[in-house]
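Work through these exercises with the structure in view. Try each task before you read its solution.

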Amino acid sequence: MTDVNDDLLCVADTKLVLGNWFAECVMNGRSLPDFAAMLGMCTASYGQARAIYQHLAPGQEAYAELERGRGPAEIRSMQLLDVPPQNWEDLVMAAYLAEQSSWALMSSLLATDDRAVAAIARKIGEEAYFHLKYATGWFKVIASDVEGAERLQDSLARRIVLARDWFGADDPGGGVMPREGAMGGRALADGFIRNVERDLAPLGFQVPSEPAGGHAIAGSWDQTRRRRDDLPAGLFEVIRFKNPEYAH
Amino acid sequence: MDRPPDRHLFARDPDFAQVTCPACESGNTEVQSLTGSSASEVLFFCRNCRSCFNWIKWQHQLPPSAAV
């Protein structure tokens, strides 16, 4: 698998996990539009994952292996989504950060020579646009509630460390997409942070600065998977394909 | 914590400012729900003819790129 395809699989697996988050959490919606939005974002996330799987493994058997034949050590989703949401604010923030960071990476592929990849990137962006609008709508509501705002700030502080970590190191071998004009991981992370600040700072939320001394997360970095350890068993049980006989 | 209706939350959203009702062509419309009957649609309400309609949400907008 090429480096670009490695990164695409990381995004696809992240969308797979995010889709499962929405499916699991939909009944926690606060209103009818929340239910509709979460179900919509659930199906959109699954659709994005499957579009990328299809691109990476167009053959039937290869696709089946990619979608439902891999174990927890092979799933490459963002560690940001390993810990389940602790409350409503945490759900909205985690989903927002997952969308924003995966879009940051995909946006670097909009101008790639591979037209199929560029089209996937654009489609993901078009859908992310409204997923982010949903989340930022909630941020405005939460900002007006003192306790809710505290929970949201706490979630931001905990999860953005993992979101930033996902972009990897900035050395030439550890950057994103080793191709001409490619941006390094740190440069993309900076762009990601700028976008998060643009959404959250006007509402009074503070985006924590990078921890001193670099990474403060346990485990050694695996650039191929963009993770430091395997998917937790509990999360794998949620996302694994339960009934392969129903697959088509 | 209650979320106010989407018609309030997105009342001044520039993305929806030009949406007109397909039945009466009035621009006096409001967002009813950010997700309509499918993931690709926004549910609107026309204050003029009091009908609901779905609006395809993908109009080629993209979030700000990080790769600038």
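**Exercise 1. Chain B in outline**

In what order do the elements of chain B run from the N terminus on? Then describe the chain by its elements, extent and burial.

Solution. 
- Step 1. Note that this is a predicted model. From the N terminus on, the order in chain B is α-β-β-β.
- Step 2. Count the elements. Chain B has one helix and three strands.
- Step 3. Take the extent. The C-alpha trace of chain B spans about 45 × 35 × 25 Å along its principal axes.
- Step 4. Check burial. Of the 68 residues in chain B, 28% are buried.
- Step 5. Look at sequence separation. Take the contacts in chain B between residues at least 6 apart in sequence: 27% of them join residues at least 24 apart.

**Exercise 2. The largest nonpolar core**

How many residues does the largest nonpolar core have, and which have the most contacts inside it? Find the elements that build it.

Solution. 
- Step 1. The largest nonpolar core has 74 residues. Leu80(A), Ala95(A) and Leu188(A) have the most contacts inside it.
- Step 2. List the elements that give two or more residues to this core. From chain A they are α1 (3-25), α2 (32-56), α4 (88-107), α5 (115-143), α6 (146-165) and α7 (185-200).
- Step 3. Find the largest share. α4(A) provides it, with 13 residues.
- Step 4. In soluble globular proteins, nonpolar side chains tend to be buried together.

**Exercise 3. Two packed helices**

At what angle do α4(A) and α7(A) pack? Classify the pair, then name the residues in contact.

Solution. 
- Step 1. The angle between α4(A) and α7(A) is about 135 degrees, and their axes are 9 Å apart.
- Step 2. α4(A) and α7(A) cross in a right-handed way.
- Step 3. Name the residues. α4(A) contributes Gln100(A), Ser101(A), Ala104(A) and Leu105(A). α7(A) contributes Leu188(A), Gly191(A), Phe192(A), Asn195(A) and Val196(A).
- Step 4. Sort them. The contact of α4(A) with α7(A) has five nonpolar residues, four polar and no charged.

**Exercise 4. Where the chains meet**

How many residues does each chain bring to the contact? Describe the side of chain A.

Solution. 
- Step 1. Chain A brings 34 residues and chain B brings 22 residues.
- Step 2. On the side of chain A that touches chain B, α2, α4, α5 and α7 each supply at least two residues.
- Step 3. α5(A) gives the most to that side, with 13 residues.
- Step 4. Sort the side of chain A by type: 17 nonpolar, ten polar and seven charged residues.

Note on methods:
Residues numbered from 1 in each chain as written. Chains lettered and ligands numbered in written order. Predicted model: local features only at pLDDT ≥ 70, side-chain atom pairs only at ≥ 80, totals over all residues. Core = buried A, V, L, I, M, F, W, Y, C linked by C-beta atoms within 7 Å. Buried ≥ 20, exposed ≤ 12 C-beta atoms within 10 Å, placed from the backbone. Helix = DSSP H or I, 4+ residues; strand = E, 2+ residues; numbered from the N terminus. Axes fitted to C-alpha atoms, helices over the stretch in contact; angles between N-to-C directions. Left-handed = near helix turned anticlockwise from the far one by under 90°. Contact = placed C-beta atoms within 7 Å. Nonpolar A, V, L, I, M, F, W, Y, C, P; charged D, E, K, R; others polar.
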